[in-house]
Each structure stands twice: as structure tokens, then as C-alpha cells.
Amino acid sequence: QLALKSDNPGDKQRSLQKVIQAVDQSTHLVEQLLLLSKLPAEGQMDNMADIDLMELCSEVSRQLADFAGDKHIVIRTISPMPEQALTIKSNRYLLHTILRNLLDNAIRYSPHNSTISCLLENNERLLVISIQDEGPGIPASKLSHVRQRFFRIAGQEVDGCGLGLSIVEQAARHIGAEFDLTNRSDGHTGLIASIRIRTTCC
């Protein structure tokens with residue numbers, strides 16, 4: 001309405017840009033709500049298949065390449081020991097959902113010209129997927145709250161709807177994985193989101 005009423009090209013452009021931003025936010029919210037609705041009921045686990053985690057991480061990175069490219073962010077997939085077995089039998093849709101939400105979240109909160117690392121490790125009966133970014137991290141007092149649906153830290157200017165990490169936690173629970181969030185402790189700011197999947201029963 002403001003754009004239609006304005007005769008000033010600059011004001012019209014700014015108003016239209018706000019329309020685009022609002023549509024993008026609404027689209028993201030709808031997509032996240034649809035993802036929530038598609039998650040299986042508690043205790044249901046079907047469509048199990050062998051999944052190559054290196055291939056899956058590369059696939060999700062390619063799908064988010066344009067989003068990351070807009071901020072000149074590089075996504076790299078790393079395995080300290082390439083010869084390690086990084087294949088697991090699980091639900092591909094749920095693992096894809098987890099990785100996409102974690103990488104999407106990392107891109108949103110990372111600064112321009114930064115790097116996001118997807119680290120894959122096989123540590124004695126555990127496959128660990130760690131997404132490490134160079135963003136501001138999360139205040140320690142808020143780490144236990146950010147998994148709640150629609151929770152947003154006050155003062156953030158990043159677009160989002162507060163559902164991504166809640167979806168990750170729910171999907172991780174369905175595949176029997178542990179989801180953990182920690183701030184980086186290597187002298188850099190940033191967040192590490194880790195998924196730990198047991199490969200052998202104890």
C-alpha cells in the first residue's frame with residue numbers, strides 16, 4: 001500500500017523490498033511448519049536405508065549454495081580420516097532434514113565472507129556430524145531454550161521463525177541420535193551443532 005501511494009522512486013523501492021522480505025519470512029515459516037507436520041509419529045521408524053554421510057552433506061551443501069553464496073560463505077565437508085566408514089543405516093529424509101536445518105541456521109547467523117565446516121567422524125560406535133560456524137554463538141544462559149518452538153533471542157536482526165532447532169531435535173530423537181549445542185572454545189566465536197548417532201548397541 002505504501003509503495004502504491006508513493007511517488008518517490010526511493011520510497012517505493014524500499015517499500016517493495018519490505019514486501020519481498022515479509023514474503024520470504026512467511027515462506028520460510030510455512031516450509032518449517034510443513035516439515036514439522038511431515039515428521040513421523042513418536043516411535044515410528046521406517047524407510048531405513050544405507051546412507052553415505054559424505055555424499056549427503058555434499059548434497060545438502062549444493063542445495064544451499066545460492067543462499068550461502070549471497071553472503072560469500074564457503075561450506076566445506078571434512079573427514080579427518082577419509083578411509084573411515086561414514087555410512088549408516090537410517091532414515092534418509094530425517095537425516096536430510098537435520099542437516100539442512102543445521103546448515104541453513106549456520107548460514108543465517110554467520111557473517112559475510114566466513115566458513116562453515118561440516119565435520120564427520122567415526123568414534124568407536126558413534127558417528128558424529130558437527131556443523132561449526134563463525135557466527136556470534138549463543139549466550140550460555142540461552143542454550144537450553146533455543147530448542148523450544150518459536151523461541152527467538154531478543155535483539156537478533158536475523159530473519160527466522162524459531163523452529164529450525166526444534167525440528168532438528170525432534171528428528172534426531174526419531175533416529176535415536178543425540179543433539180548437542182555448544183559455543184566454540186578454540187579462540188573463535190561461533191556455534192557447534194553436533195549430532196551423535198550410535199552405530200552399535202552397547
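Predicted model: local features only at pLDDT ≥ 70, side-chain atom pairs only at ≥ 80, totals over all residues.
## Strands side by side

Let's start with strand β4, which covers residues 115-122. On one side of the story is strand β2, residues 74-78, and the two run in the parallel sense, joined over five bridges. If you want a spot to look at, find Val 74: the residue opposite is Thr 115 in β4.

β4 also pairs with strand β5, residues 126-132. Here the sense is antiparallel, and there are six bridges.

## The turn between β4 and β5

How many residues sit between β4 and β5 in their hairpin? The hairpin has three residues between the two strands. Take a look at Glu 124 while you're in the turn: its phi is positive, about 45 degrees.

Now for the helices. Helix α3 takes in residues 53-63, helix α5 takes in residues 92-109, and their axes lie 10 Å apart. The two pack at an angle of about 50 degrees. Angles from 65 to 115 degrees would count as roughly perpendicular and those under 35 as roughly parallel, so α3 is oblique to α5. The crossing itself is right-handed.

Who meets whom? From α3, the residues in contact include Leu 53, Leu 56, Cys 57 and Val 60, while those from α5 include Arg 92, Leu 95, His 96 and Leu 99. Sorted by class, this contact has seven nonpolar residues, three polar ones and four charged ones.

Definitions and conventions. Residues numbered from 1 in each chain as written. Heavy atoms only, no water. Pairing = 2+ DSSP bridges. Helix = DSSP H or I, 4+ residues; strand = E, 2+ residues; numbered from the N terminus. Axes fitted to C-alpha atoms, helices over the stretch in contact; angles between N-to-C directions. Parallel < 35°, antiparallel > 145°, perpendicular 65-115°, else oblique. Left-handed = near helix turned anticlockwise from the far one by under 90°. Contact = heavy atoms within 4.5 Å. Nonpolar A, V, L, I, M, F, W, Y, C, P; charged D, E, K, R; others polar.
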